[in-house]
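Work through the following exercises with the sequence and the model open beside you. Try each task before reading its solution.

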Amino acid sequence: MPDVKMYTTTWCGVCVHTKRYLRSKDIPVEEIDIEEHPEFGDMIEEITGGYRIVPTLDIGGKVMVNPSRREIDEALAMVSA
């Protein structure tokens, strides 16, 4: 099973849809709320050039900012291969 971390906030609608999508594929997700853990928000700012964009996913070490379902599927396939 791939290691999936999802950086999110409680108010993010795209995060809700992304979690639901991953759940539909039976992918366990470690969810990290960047408002509860601002150090992760700082990390996301470094990745994005100064923006706290959610959802940001780490799938098996590959970090993706607001990925599409296709990008998620491709990353999952790479990790599972």
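**Exercise 1.** Find which residue forms a salt bridge with Arg 70, and state how far apart the closest N and O atoms are.

*Solution.* We begin with the rule, by which a salt bridge is a side-chain nitrogen of Lys or Arg within 4 Å of a carboxyl oxygen of Asp or Glu. Arg 70 meets this rule with Glu 74, where the closest N and O atoms are 3.2 Å apart. Next we place the pair: both belong to helix α3 (residues 69-80), and because they are 4 residues apart there, about one helical turn separates them. (Helices are DSSP runs of H or I with at least four residues, strands are runs of E with at least two, and both are numbered from the N terminus.) Finally we ask about accessibility, where buried means under 20% relative accessible area, exposed over 50%, and partly exposed in between, with a 1.4 Å probe and protein chains only. Arg 70 counts as exposed because its relative accessibility is 59%, whereas Glu 74, at 43%, is partly exposed.

This is a predicted model, in which local features need pLDDT of at least 70 and side-chain atom pairs count only at pLDDT 80 or more, while totals for chains, interfaces and linings use all residues. Residues are numbered from 1 along each chain as its sequence is written, and side-chain values use heavy atoms, leaving out hydrogens and water.

**Exercise 2.** Determine which parts of the chain are linked by the salt bridge of Lys 19 and Glu 31.

*Solution.* The side chains of Lys 19 and Glu 31 meet at 2.9 Å, N to O. Lys 19 lies in helix α1 and Glu 31 in strand β2, 12 residues apart, so that the pair links distant parts of the chain. Lys 19 is buried because its relative accessibility is 19%, while Glu 31, at 42%, is partly exposed.
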